[in-house]
Amino acid sequence: MPFARLATATTPTCHIGLGLAAIARPGYINLGRDEDLGDDRSVETLRARTHELLDAAYAQGVRYFDVARSYGRSEEFLADWLKKNPHVDDVVIGSKWGYTYTAAWTTDAEKHEVKDHSVRTYDRQRAESAELLGDRLDLYQIHSVTPDSPALTDRELHARLAEAAAQGTTIGFSTSGPAQADAIRAALEVTVDGEPLFRTVQSTYNALETSAGPALAEAHDAGLTVIVKEGMANGRLAAPHAPDALKAVAAETSLGCDAVALALVLRQPWAGVVLSGAATAGQLASNLHAAVVDLDDGQLSRLAELVEEPRAYWERRGQLPWH
C-alpha cells in the first residue's frame, strides 16, 4: 500500500492531503471562487497557481495529492510539477477515472463532466492518466460510486482493475450522494479470485454530513485506507458562510472555521487522509492548522448539532452553482 509511506512521516500535517478539484479548472461549485481565483483563469495562470500551491503544501508536510480525469488539467498540472521537482519521491499520488471533463475550460458549460463507469471509459482514461503520470500514479479510484453503479457488478471491469493491481497500482473508489454508506458496504463485498478488489475508499464526511461514518469505520476495520473529501462542505464550513456554532468554536480556539471543521474529521479514528481543497496558499496554511486543534467535549457536542439529514445535504450540494 503506498499509504504506508505516510506512516514514516513525522510532520503533523502528513495526514492532510491536497485535492486539486478547485484549482485545476476554471469552474467549480465551491463557494467563494470569485474571490479566490479572480478573473484571470487561463490555463497558464491556473497552472502557475497550482504549482505554487503544491510547493506550499509539500514544504508544510503534505504528502498526498489527489487529482482526477474530470478535474480539468489537474493530472497535467501535477505531472508538470513532479517533473520540475525530481527530488520529490516521498509523496503518494491518487487519481480517479469515471467522469470525463466536458467544460472546454469555461465556467458556463451546460455540462462540466459526464459520468460513465464502463470498461471502455476505464481503458481510455487509464491510458490518459498513464501518459501523464506514468509510474508516479500510486492509486487509481473509480470516481463517485453509488449503490446503482455498474462498477459494483461489472466482472470484466473488476478483472481489468485486478490486472492493474497486480502490476502495482492500488485500486480504490470514491462515493457521493445520500447513500454513500450503502455504496461503501457493497464495494467491500467485491472480490476477484477470492481477494478484495478495493484497498482505499474516498468519501464525503464533514460537520454537516456524517452518514458515511459507520461504513467508513467498517472499511477501515477491513484494512482499507480511508480518504475524506469535502471536509469543508464545498465552502459551506468556511468563513463567512460557516454556521454560527462553528464560528463560535473557532473563536474559542483562535483559529479559523476551516481548521476546526477539518480537525473534526481528523479526529475520527478511521480517517487515514483528510483532503484540503484549498485554492490559495493562505487557505492551505489555515487548513493545515487543523492538525493542532484540540476540541473539548462541550465543543464537540455543539458541533454535533450541525448535522443535516443526508438527502437535504446532497440536495443543497446539487444546487450549488458552478462559479
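The lining of the largest pocket splits into 20 nonpolar, 17 polar and 11 charged residues (Ala, Val, Leu, Ile, Met, Phe, Trp, Tyr, Cys and Pro count as nonpolar, Asp, Glu, Lys and Arg as charged, and the others, Gly among them, as polar). This is a predicted model, so to speak of local features takes a pLDDT of at least 70 and side-chain atom pairs count only at pLDDT 80 or more, while totals for chains, interfaces and linings use all residues. Residues are numbered from 1 along each chain as its sequence is written, and side-chain values use heavy atoms, with hydrogens and water left out.

Back to that pocket: 48 residues line it, and Tyr28, Asn30, Glu230, Asn234 and Gly235 sit nearest its centre. Helix 2 (33–37), strand 6 (139–145), helix 10 (257–266), strand 12 (273–276), helix 11 (281–288) and helix 13 (310–318) are the elements that give two or more residues to the lining. Helices here are DSSP runs of H or I with at least four residues, strands are runs of E with at least two, and both are numbered from the N terminus. The space inside comes to about 960 Å³. A pocket is an open set of points on a 1 Å grid over the protein atoms alone, where a 1.4 Å probe fits, with protein on both sides within 12 Å along at least five of seven lines; lining residues have an atom within 4 Å of a point. Grid points are joined across faces, edges and corners, and the volume is the space filled by probe spheres set on the points.

Glutamate 230, one of the residues nearest the centre of the largest pocket, has a positive phi of about 55° despite not being a glycine. Glutamate 230 is in the loop between strand 11 and helix 9.

Strand 11 (residues 225–229) and strand 12 run parallel and are joined by 2 bridges; isoleucine 227 has valine 273 of strand 12 as its bridge partner.

Axes are lines fitted to C-alpha atoms, for helices over the stretch in contact, and angles run from 0 to 180 degrees between N-to-C directions. Helix 5 (residues 119–133) packs on helix 6 (residues 155–166) at about 25°, with axes 9 Å apart, which makes the two roughly parallel (angles under 35 degrees; over 145 is roughly antiparallel, 65 to 115 roughly perpendicular and the rest oblique). Val119, Tyr122 and Asp123 of helix 5 meet Glu156, Leu157, Arg160, Leu161 and Ala164 of helix 6, contact meaning heavy atoms within 4.5 Å.

Helix 4 and helix 5 also pack at about 25°, with their axes 9 Å apart. The second largest pocket, about 170 Å³ in volume, has a lining that includes Glu75, Glu76, Glu128 and Leu132. Helix 5 gives the largest share of that lining, 4 residues.

Methods. Pairing = 2+ DSSP bridges.
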